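Me: I am new to this structure and would like to go through it step by step. Please take my questions as they come.

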Amino acid sequence: MDMKAPTPGQDLLIPLSALRPSRRNVRKSGGTPVEQLARSIERIGLLHNLVVTDSGDGQHYEVEAGGRRLQALQWLAKRKRLDKTHQVRCLLVPDASAKTVSLAENVARDNLSPIDELLAWKSLADDGHSIEDIAADFGVTPLVVQRRLRLANVSPRLLADHGKELVTLDQLMALAITDDHLAQEAAFYDAPEWQRSARDLRTRLTAQEVDAAHDAIARFVGLEAYEAAGGGVRRDLFADAGQGVYLTDRPLLDKLAADRLAEVAAQVQTEEWAWIEVVPRVAPSDLYAFQRVRSTRREPTRKEAQALAKLEKRIEAIDMLLQEEDGVTDEAEAQALQEEGSRLSAELEAKEQELAEYSQKARTLAGVLVTVNAGGAAIVHRGLVREADAKRAKAAKDGVESPDPDGAYRERDPNASVSEKLARQLSAHRTAAIQAELSRQPGVALAALVHRLVLQAFYDQQRSDSPLLVDCAVQDKLERFAPDLSDSPAAAALIEVRQAWQAKLPAEPDGLLAALLALPQEELLSLLAACAACCIDAVSPQEMDAKANDLAAALDLDMTRWWTPTAAGYFAQVSKARIFEAIGDFAPEHVKQLELAKKPELAARAEQLAAGKGWLPAMLRKPA
C-alpha cells in the first residue's frame, strides 16, 4: 500500500491494518482494561481520535497517543468483530512533536467528557442533522450514532451520576432500552446495589416482554411471522447481533404458536389416542402431572442411528468444554454453547420419542400433548395418562373391567435420555451401592448366586442378564466411569468390609479351605455376600437399563443413602432443560427466578436447592 504523505495537522481516516504502536508513547501501564475498552468501542465507537506520525515507509502510521485504543481495535479485529480495513479517525502530527504530543495526551489534555460529547451529538440531531450525516462527519457507522443518541436520552440524573462514576457505562446501556426516565430511575435506584448489574436492570425493564433470542416459543414462531401478524417489538441497540429483541405482545405470540401446533396435532389425530391437547408453553415439571403408558423402543434405522450418535457426540463435547476450567473463557461463547446444548438435547429427546411405539390398548387410555420444546421446535409427548384415568386404570386392576388388559399402564417415568458418559457415571455409583448393600445381606447374596447357577444348570442360559458374574470378575475399577466415586459412602463401606475380611483370612491361599470350613455358617454366608458384592457389574451406557432392577428391589436399595446430586456429579452434565425439570421437582418456587441464569450458576444453585431433599435422577430411583 503506497500512501502519499499528507500534511501534518490534518485529520485522516486510516485503515486499522496500517496503524502500529510507537515506542515513543509515554504511557506504559494503567488505563481501562483492553477488553473492556474494546467492548465500549464496539458499542458506541471511538470517542477520541488517535494521534499518529508518518512512519516514512509509505505503508504505516505510528500511533503516538491512543495506544490502548489501538490495542482495543486490534482486539476486536482479531476476533473478527471489526474488519482490518476499518477506517480509524486520526490526527497527523510532525515527527519532531511526537513525544510532546504523547505527553500532552496523557497528562495535560482536558478532554471533553464522554457525557458532554454525547449531549453535543444529541444537539446536532436536534438541529436537524441526519444520523447518516453525523456518521459521515465523525467517521463512524450510523449504528454508532444511534447508540450514542440513545445514551444521550437516558435520564439526566443517571447521566450526572455516570459523570461521578456512580453509574457504569454498561448500566447506562442497559437502562437505555426504554425512553421512560421514571422507569430508568426506578429500575436503578429502587434496586439494592448488588442487583444493579446490566443484566438485572435489563431484565427488570423488560419483565413483561419476551426475549426473542432465548424464548422457545419466539424461536418456534419466528420474528418475521410475529411482526407480519402485527406484533410489537422493542430492540436493544447495544446488544450483540441476534440478541436484544423483545416482543411486547405475548398473547399474540402464544396464539401464533398454538395455530402452528394445531397443524401438528391434526397429523397425530390419525393415531387414535384418547385425547390430544395443544399447549404452547409447558414447563418440564408440568409433565409430572401425568403418568405414562408403557412403550417399546423400535430399532432405529441406520440413518436414525447415525443422527442420534451425532447428536450425543456433540452434546457430550459441549458438556466437556463447559466443564473444563480453561475450556471456554469468553462469557458470550459459553452462553452460545449452553444454548446449543439445550437445543440439541431437545432435538435428541424428540428423536427418541419418535422411536417409541404404543399398543392399541395403550392409546385408548392415554393421550398426547403437543407443545414446543426448549430448542424451539414442535414436540409430541405421547402416552400421557391423566390422574383421573390413572386411578380408573388402577381400580380396573382390582377386578373392575379393565381398559388396559394388556398391561399397558405403568407408573410415571420421565424416561428421558442422558449422555452415555453420565449414564455410566451414575450406574457406577448404583453398582457400588448395590455392592455395599449386598455385602450386608447374606440371604440376598446367596439367592442371587443360586439364581445365577440355576439359570445355567436348568434353563440353559449361559449368558443371562444377571449382573452377578459367577467367575467373580472383581469390579473394583468403577472410578474410571465415576471419578467422584472414591469420596462416596458406598466406596467407604466396601473398603471397610474388604479390610475386615482381609484381617480374618489367611495371608496365603494354601490354608484357605481349612479356614473356611472352620467358620460358622453365619460368617461363611457373610463372606459369600462380600465376595458376591465384588462381582456386581451394573454399569451401563443406557439410562433405563433394567438388568439390576430385580436385585436392587430385593435389596430395597435406596440411593439417597449412597448418592447426593452435585453440580459436578450431575447438574453440569445435563442440559439446562433437564436442570429446570429437576428444580421443578424439589424447588418449583425457584424456577422462574432462575430462568436467565447461565448454566454454571444454574448448576451450582441446583446443588444448593437439592441439598437434603432426597431427590434422585430417573435412573437412580427405585424401579416401579
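Me: Is Trp275 buried or exposed?
Reply: Trp275 is buried, at a relative accessibility of 8%. Please keep in mind that this is a predicted model.

Me: Which ring does Trp275 pair with, and how are the two arranged?
Reply: Trp275 pairs with Phe290. Their ring centres are 5.9 Å apart and their planes lie at 25°, so the pair is stacked. Phe290 is buried as well, with a relative accessible area of 14%.

Me: Where in the chain do Trp275 and Phe290 sit?
Reply: Trp275 belongs to strand S9, whereas Phe290 is in the loop between S9 and S10. The two are 15 residues apart, and the pair links distant parts of the chain.

Me: How many aromatic pairs are there?
Reply: The count comes to nine aromatic pairs. Another of them is formed by Phe586 and Trp615, with ring centres 5.7 Å apart. Their planes are at 70°, so this pair is edge-to-face.

Me: What does the pair of Phe586 and Trp615 tie together?
Reply: Phe586 is in helix H24 and Trp615 in the segment after H25, so the pair ties together parts that are 29 residues apart in sequence. Phe586 is buried, with a relative accessible area of 10%, and Trp615 is buried with a value of 10%.

Me: Changing topic to confidence: what is the average pLDDT of the chain?
Reply: The chain averages a pLDDT of 79, and 83% of the residues score at least 70.

Me: Which elements have the highest and the lowest mean pLDDT?
Reply: Strand S9, residues 275–278, has the highest mean pLDDT among the elements, at 94. Strand S15, residues 409–410, has the lowest, at 38.

Me: Where does the pLDDT fall below 50?
Reply: One such stretch is residues 107–111, which has four contacts in the model beyond near neighbours in sequence. The pLDDT also stays under 50 over residues 398–416, where the model has 47 contacts beyond four places in sequence.

Me: Now the charged residues. How many salt bridges does a search of the whole structure find?
Reply: The search finds 20 salt bridges. One of them joins Asp254 and Arg281, whose closest N and O atoms are 3.0 Å apart.

Me: Where are Asp254 and Arg281 located?
Reply: Asp254 is in helix H13, residues 250–268, and Arg281 is in the loop between S9 and strand S10. They are 27 residues apart. Asp254 is partly exposed, with a relative accessible area of 21%, and Arg281 is partly exposed at 30%.

Me: Which residue forms a salt bridge with Lys504?
Reply: Glu523 does, with the closest N and O atoms 3.7 Å apart. Lys504 lies in helix H20 and Glu523 in helix H22, so the bridge ties together parts that are 19 residues apart in sequence. Lys504 is exposed, at 55% relative accessibility, while Glu523 is partly exposed at 29%.

Me: And which residue forms a salt bridge with Arg621?
Reply: Arg621 forms a salt bridge with Asp585, the closest N and O atoms being 3.7 Å apart. Arg621 is in the segment after helix H25 and Asp585 in helix H24, so parts 36 residues apart in sequence are tied together. Arg621 is partly exposed at 28%, and Asp585 is partly exposed at 30%.

Me: Which residues do salt bridges with shared partners join into a network?
Reply: Arg20, Asp57 and Glu62 are joined into one network in this way.

Me: Which ring does Arg157 lie over?
Reply: Arg157 lies over the face of Tyr189, at 3.6 Å from the ring centre.

Me: What does Arg382 touch, leaving out residues up to four places away in sequence?
Reply: Arg382 touches Val268, Glu271, Trp273, Arg292, Gln353, Tyr358, Gly367 and Val368.

Technical notes:
Residues are numbered from 1 along each chain as its sequence is written. This is a predicted model: local features need pLDDT of at least 70, side-chain atom pairs count only at pLDDT 80 or more; totals for chains, interfaces and linings use all residues. Side-chain values use heavy atoms; hydrogens and water are left out. pLDDT is the predictor's confidence in each residue, from 0 to 100. Helices (H or I, at least four residues) and strands (E, at least two) are DSSP runs, numbered from the N terminus. Contact means heavy atoms within 4.5 Å. A salt bridge is a side-chain nitrogen of Lys or Arg within 4 Å of a carboxyl oxygen of Asp or Glu. Buried means under 20% relative accessible area, exposed over 50%, partly exposed in between (1.4 Å probe, protein chains only). Rings of Phe, Tyr and Trp (its six-membered ring) pair if their centres lie within 6.5 Å; planes under 30 degrees apart count as stacked, over 60 as edge-to-face and the rest as tilted. A charge sits over a ring if NZ of Lys or CZ of Arg is within 6 Å of the ring centre and within 35 degrees of the ring normal.
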